[in-house]
Amino acid sequence: MKNREEKTKEKIEFLVRVTDGVMWWIGSIPSLIVHSIIFISAFLLPIFGIVEFDKMLLVLTTVLSLEAIYLAIFIQMSVNRSNEHIEDLKEDVNEIQEDIEDIQEDIEEISEDIDDIQEDIEDIAEDDDDEDHNERARNVMLKSNVSSNKSDIKAMREVIANLQKRLEDLKTEEENANLHPEN
């Protein structure tokens, strides 16, 4: 059996779904058509003598005022949820940026280590000119691996630079969204 808190949460979730549906419908073409038909009908009623013009205006104004109040509430609810979503995204972007900075530091350290290893290999190659062919072949393979690793690191740096640019773009979009929440 559900406790009171779960029931309340379900009711709130249901109301949120309803308001989302209403907001979607209000911003749709069918809503535009229905509202246009209602307004045209309202103004045709006095023309055909069904209702007095003053009474029609009074009822229409009252209904539109109530609709405007509810729309304002729904829009504010939507803005509040959007702000919560933006805050969540902002936190995610900051965490990603921190991770990228950590990865970039690690890559720089690895790059330095590879440079040191390559220097050691070159020193060994110079010192051991009299080594047998197997040893030379091994050194050539190590140099090849170092070059390959350098290429991989360069590619990773480019990926990180692209990610940082994308993060900056996201931050700019977020700042624009915060400056213009109605968009």
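The span of residues 56–75 is 100% helix and 0% strand, with its end C-alpha atoms 28 Å apart, helices (H or I, at least four residues) and strands (E, at least two) being DSSP runs numbered from the N terminus. The model is predicted, so that local features need pLDDT of at least 70 and side-chain atom pairs count only at pLDDT 80 or more, whereas totals for chains, interfaces and linings use all residues. Residues are numbered from 1 along each chain as its sequence is written, and side-chain values use heavy atoms, with hydrogens and water left out. In an unreviewed entry, UniProt lists residues 21–50 and 56–75 under "transmembrane region", an annotation that may be inferred rather than shown by experiment. For residues 21–50, the end C-alpha atoms lie 34 Å apart, and the span is 83% helix and 0% strand.

The largest nonpolar core comprises seven residues, namely Val 93, Ile 100, Ile 107, Ile 114, Ile 153, Ile 160 and Leu 167; such a core is a set of buried Ala, Val, Leu, Ile, Met, Phe, Trp, Tyr and Cys residues joined through side-chain atoms within 4.5 Å. Two or more residues of this core come from each of helix 3 (53–127) and helix 4 (133–179), and helix 3 gives the most, with four. Apart from neighbours within four places in sequence, Val 93 is in contact (heavy atoms within 4.5 Å) with Leu 167, Leu 170 and Lys 171.

Leu 44 is found in helix 2 (residues 29–47) and counts as partly exposed because its relative accessibility is 34%, where buried means under 20% relative accessible area, exposed over 50%, and partly exposed in between (1.4 Å probe, protein chains only).
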